[in-house]
Amino acid sequence: MAIRTEEMLLNVGPQHPSTHGVFRMVVTIDGETITDVTPVIGYLHRGTEKLAEDLNYTQIIPYTDRMDYVSAMTGNYAVVHTVETLMGMEVPKRAEYLRVMAMELNRLASHLVWFGTYLLDLGAMSPFLYAFREREMIINLLNELSGARITYNYMRVGGVKWDTPEGWLERVKNFIPYMRGKLDEYHSLVTGNEIFINRVKGIGRYDAQTAIDYALSGANLRCTGVQSDLRKDRPYSVYDELDFDVPVQTGGDCFARYLVRMEEMSQSLRILEQCVEQIPGGPIMAKVPKMLRPPVGEAYTEHETPRGRLGCYIVSKGKDRPYRIKFRRPSFQNLQILPRLLIGERLANVIAILGAIDIVLGEVDA
């Protein structure tokens, strides 16, 4: 005998502690099965690109901090690198090494936030506490370097704001083996855990062609076996002077995305180790005019953030502020596959699938 059921509309989210005007999903369910999903993007830190048209190039940098609160250094780099490309500017080697160290420390901190909160959403408290313990150590290092804990405003067109404080490189060097040991502990605690595996393995699966069709990037692409990383494919800064691997998995599911990000943390430590040993002396800023006026033209650059490819496109009319600016945000792009993954799934798997995509709301809503 067939049981008669009625479809129900549910709000899932908002996915942000402030809960107002940010990303949520309107989910239609038939029993426990999702039949339709409508993502509601929201309006968090909106208007960044339009606001930039009334700011000089240095004033834009703090806005990029807000695009990705847990990886602000990569947002800083997007703007300064694009302006430098427009101006044909050569950045001192020491400044480039400091930029890479800042971005890789921030990549580690970002992945630790993802690891801890993902496990918390799935019902495990301890990994969250451990991950934020290690993240706090990284935030302290970035605070020493930039003067801020989250919104760093550290990079400048032509270099960086400050050089390292006394003993900072040594503290980074000491942190590397400590963090390697903690990653081993995370794997012992989580990676082989049967409950965790049952929640994520085989869930939210797609293949390489689907990932490419949706223009996914970062771990959301590399989890399908596609070895794509702009730090290797189109090296920028000093990444071509550093030896590291691009982690890939072939499962294409939530578990594969987890494994990719865990290995990415190991590779970031490998990059940091080389930077500490290889960083040269010298200036940290190129010779730049007091008021930046890139020549008439346009430039587009892309680089690899913890969530994937972040692009920045700037049109210059030769003035002290951009005529147009556009960001290609990885979270917004990666989010497009969400309805395809959820329709036909059980409601209980929503959190596992959404969390494994790893979106940041400032990149989605702006």
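**Surface patch.** I began with a nonpolar surface patch formed by L120, M125, L129, Y130 and L189, whose accessible area together is about 440 Å². Patch members have over 30% relative accessible area and no salt bridge, and nonpolar side chains (Val, Leu, Ile, Met, Phe, Trp, Tyr) are joined within 5 Å. A salt bridge is a side-chain nitrogen of Lys or Arg within 4 Å of a carboxyl oxygen of Asp or Glu. Areas follow the Shrake-Rupley method with a 1.4 Å probe.

I note that the model is predicted, with local features requiring pLDDT of at least 70 and side-chain atom pairs pLDDT 80 or more, while totals for chains, interfaces and linings use all residues. Numbering runs from 1 along each chain, and side-chain values use heavy atoms without hydrogens or water.

**L189.** I placed L189 in helix α6 (residues 168-191); helices are DSSP runs (H or I, at least four residues) numbered from the N terminus. L189 counts as partly exposed because its relative accessibility is 38%, between the limits for buried (under 20%) and exposed (over 50%).

**Core.** I then looked up the largest nonpolar core, which has 107 residues, with Y154 and F196 among those having the most contacts inside it. Helix α4 (residues 93-121) supplies the largest share, 14 residues. Such a core joins buried Ala, Val, Leu, Ile, Met, Phe, Trp, Tyr and Cys residues through side-chain atoms within 4.5 Å.

**D253.** I found D253 in the loop between α10 (230-233) and α11 (254-278). D253 is buried, at 4% relative accessible area. A polar atom of the D253 side chain lies 2.7 Å from the backbone nitrogen of G202.

Technical notes
Patch = residues over 30% accessible without salt bridge, like charges linked within 9 Å, V, L, I, M, F, W, Y side chains within 5 Å. Helix = DSSP H or I, 4+ residues; strand = E, 2+ residues; numbered from the N terminus. Buried < 20%, exposed > 50% of the residue type's maximum accessible area, 1.4 Å probe, protein only. Polar contact = N/O pair within 3.5 Å; in protein donor to acceptor, adjacent residues only side chain to side chain.
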